[in-house]
Structures are given as structure tokens and as C-alpha cells.
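The sequence and structure are shown first.

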Amino acid sequence: MKLQVAIDLLTTEAALELAGKVAEHVDIIELGTPLIKAEGLSVITAVKNAHPEKIVFADLKTMDAGELEADIAFKAGADLVTVLGSADDSTIAGAVKAAKAHNKGVVVDLIGIEDKVTRAKEVRALGAKFVEMHAGLDEQAKPGFDLNGLLKAGAEARVPFSVAGGVKLATIGDVQKAGADVAVAGGAIYGAEDPAQAAKELRAAIV
């Protein structure tokens, strides 16, 4: 299972600083939607130039103009981009077309999708590299939230998937047991007193 760090900071400088601390312990560096909105495509290029050996994941959460948005992100240096699972099939197909042209990949983010299992199978058939079983920050903040719903959906869908939404040291073992291909940790890393140590411990927990 790969480890992905989600960088939800708001400046290129802060993103580069965090990436520099944790890169040796992670496989995928995700540039969060707020970061890309704040800094533009240049942050993708900056992080890819700093860490060319890492998979750079641009969390665009595209909802329309799939081919166009994916194309500009791939040209900026992204290896993976996200399209929302609630987008029209043609939007996902367009992003996949751009990915094939660049030999890159599309991840379909199932945030807000009620029937994640069915949609996961549908978008995989459209060419998604994997799907992201994702609970957003707002959903995580609700009383009683836990990862079990995401893990169950991932295991049931039987397609390559990542899990994002409260992944931390206490839960990463469960993520792996569910069969996830990628565990996405955001706050557990960037919110830690020592992000490098946090990333190292998460890496060590993957067996």
C-alpha cells in the first residue's frame, strides 16, 4: 500500500517546506484543492521540480471540462488529477483521454456520493486509475464520524481505491486490511508537531 500526503496548506513556500520534510517517507505528494486555488498551477510545477521522483497528485476536483482541466494540470507536471464522481461520465472520459495522451492518470473522488460501490465500478470502467473513498473535512467534523463506511465501500467495490478522511496511525492498519491501494494522510502529517516523524511512523505501520 502506498502512502500519500495531502498538503492542504495555502502557499507554495509552505507546501515545498512540508514536502521536503516528508518526501522520503511517502510515495505520493498531493496538492490540495485550497492550495491549488490559492497558488495556481505553478505550485504543481514547483513541487514536481523539487521532487521529480515522486508521484504528484493535483486535487483539482474537476466537475466540468474534464479534458481541458486535466490537460493543463498534466502539462504543469501533475502525474494524477482528480475528477469528482458526481461529474457527468463525459467529463470523466474527457479527463481520461487527456491522461492517456500524457501517459498519466485520473483518480475519481467519490466525496458526496451516496452509493460509492456502484459509482466506483462505473468510473473504473470509464478508465479511472483508481477511485478515492473520501470523506471531506466538513463530514469528518460531524459527530460520530468514522472510517468504517469508507473501508466497507472500498472492500466491496473490488476496484483499486484510496482512502482519505481521518487516516492516522490508529487507523492506517484498518485501511490496509480493507485492501486499499493508497492511504491518504493529511492532518495526521501536516498537523503534527514533527511532520517527518509522523510520516515515518505511518510508513512503518504499513506492512
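## Basis of the values

The model is predicted, so that local features need pLDDT of at least 70 and side-chain atom pairs count only at pLDDT 80 or more, whereas totals for chains, interfaces and linings use all residues. Residues are numbered from 1 along each chain as its sequence is written, and side-chain values use heavy atoms, with hydrogens and water left out.

Helices (H or I, at least four residues) and strands (E, at least two) are DSSP runs, numbered from the N terminus. Buried stands for under 20% relative accessible area, exposed for over 50%, and partly exposed for what lies in between (1.4 Å probe, protein chains only). Contact requires heavy atoms within 4.5 Å.

In helix α1, the buried residues are T12, A15, L18, A19 and V22. Their directions from the helix axis to the C-beta atoms define the arc, and because this arc, seen down the axis of α1, is within 130°, the buried residues line one face of the helix. On the other side of α1, E13 and G20 are exposed. The buried residues of α1 pack against β1, β2 (28-31), α2 (33-39), α3 (42-50), α10 and α11.

Helix α11 (residues 195-205) has P195, A198, A199 and L202 as its buried residues. Seen down the axis of α11, these fall within an arc of 95°, so they too line one face of their helix. Their cover includes β1 (2-7), α1 (12-22), α9 (172-177), β8 (182-185) and α10 (187-190).

The axes of α1 and α11 come within 8 Å of each other and cross at roughly 45°, where axes are lines fitted to C-alpha atoms, for helices over the stretch in contact, and angles run from 0 to 180 degrees between N-to-C directions. This makes α1 oblique to α11, given that angles under 35 degrees count as roughly parallel, over 145 as roughly antiparallel, 65 to 115 as roughly perpendicular and the rest as oblique. The crossing of the two is right-handed, a term for the near helix being turned clockwise from the far one by less than a right angle, with anticlockwise giving left-handed. On the α1 side L18, K21 and V22 take part, and they meet P195, A196 and A199 in α11. By class, the residues of this contact divide into 5 nonpolar, no polar and 1 charged, where Ala, Val, Leu, Ile, Met, Phe, Trp, Tyr, Cys and Pro count as nonpolar, Asp, Glu, Lys and Arg as charged, and the others, Gly among them, as polar.

## Two further helix pairs

For helix α4 (residues 66-76) and helix α5 (residues 89-102), the axes come within 7 Å and cross at roughly 30°, which makes α4 roughly parallel to α5. The crossing in which α4 passes α5 is right-handed. G66, E67, A70, D71, F74 and K75 of α4 meet T91, G94, A95, K97, A98, A99 and H102 of α5, and this contact has 5 nonpolar, 4 polar and 4 charged residues.

Helix α6 (residues 116-125) packs with helix α8 (residues 148-157) at an angle of about 45°, their axes being 9 Å apart, and α6 is therefore oblique to α8. Here α6 passes α8 in a right-handed crossing. K116, V117, A120 and K121 of α6 make the contact with L150, A153, E156 and A157 of α8, and its residues divide into 5 nonpolar, no polar and 3 charged.

S162 is found in strand β7 (residues 161-164) and is buried, with a relative accessible area of 0%. Leaving aside its neighbours within four places in sequence, S162 is in contact with F130, V131, E132, M133, V182 and V184.

G165 has its place in the loop between β7 and α9, and it counts as buried at 5% relative accessibility. The C-alpha atoms of G165 and H134 are separated by 5.7 Å, although these residues are 31 residues apart along the chain. With neighbours within four places in sequence left aside, G165 is in contact with A135, Q140, F145 and L147.

D194 lies in the loop between α10 and α11 and is partly exposed, with a relative accessible area of 42%. Its C-alpha atom is separated by 9.1 Å from that of K21, 173 residues apart from D194 along the chain.
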